[in-house]
Amino acid sequence: GLDDTPMSFLAVGSQGRTATIANLLSQPFSFGLDRDGALAIVTEIAMTIKRRWQTVFRSCGVPERLFGELTRVSFANALSFDIESY
């Protein structure tokens, strides 16, 4: 696309394929969840990514010099996750 908005493969919320946590939480019933259940799952995933992404990338041989660049890809949503925002 012409902009840098990350997109998911499937529509995940009221904003279609927009790959944001807010969009994912906008229609949790589409996944058989209520908002609290969806938020609990998102929180667990985001916290795991925050804690472990560098370790996982290192173990896969990704050079640390690329880490700064990698934080601009879609998993960066998890790095800035703050449950109080939702």
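W53, F57 and F67 form one aromatic cluster. Let's explore it and its surroundings in this predicted model, where local features need pLDDT of at least 70, side-chain atom pairs count only at pLDDT 80 or more, and totals for chains, interfaces and linings use all residues. Residues are numbered from 1 along each chain as its sequence is written, and side-chain values use heavy atoms, leaving out hydrogens and water.

**Exercise 1.** Find how the rings of F57 and F67 are arranged.

*Solution.*
- Step 1: Recall the rule: rings of Phe, Tyr and Trp (its six-membered ring) pair if their centres lie within 6.5 Å; planes under 30 degrees apart are stacked, over 60 edge-to-face, the rest tilted.
- Step 2: The whole structure holds 4 aromatic pairs. In one of them, F57 and F67 sit 6.2 Å centre to centre with 85° between the planes, which is edge-to-face.
- Step 3: F57 belongs to helix 2 (residues 35-59) and F67 to helix 3 (residues 67-70), so the pair ties together parts 10 residues apart in sequence. Helices here are DSSP runs (H or I, at least four residues), numbered from the N terminus.

**Exercise 2.** Decide whether F57 and F67 are buried or partly exposed.

*Solution.*
- Step 1: Buried means under 20% relative accessible area, exposed over 50%, partly exposed in between (1.4 Å probe, protein chains only).
- Step 2: F57 has 22%, so F57 is partly exposed.
- Step 3: F67 has 6%, so F67 is buried.

**Exercise 3.** Locate the salt bridge.

*Solution.*
- Step 1: Look for a side-chain nitrogen of Lys or Arg within 4 Å of a carboxyl oxygen of Asp or Glu.
- Step 2: The whole structure has 1 salt bridge. R58 and E64 form a salt bridge, their closest N and O atoms 2.7 Å apart.
- Step 3: R58 is partly exposed at 38% relative accessibility.

Methods: Helix = DSSP H or I, 4+ residues; strand = E, 2+ residues; numbered from the N terminus.
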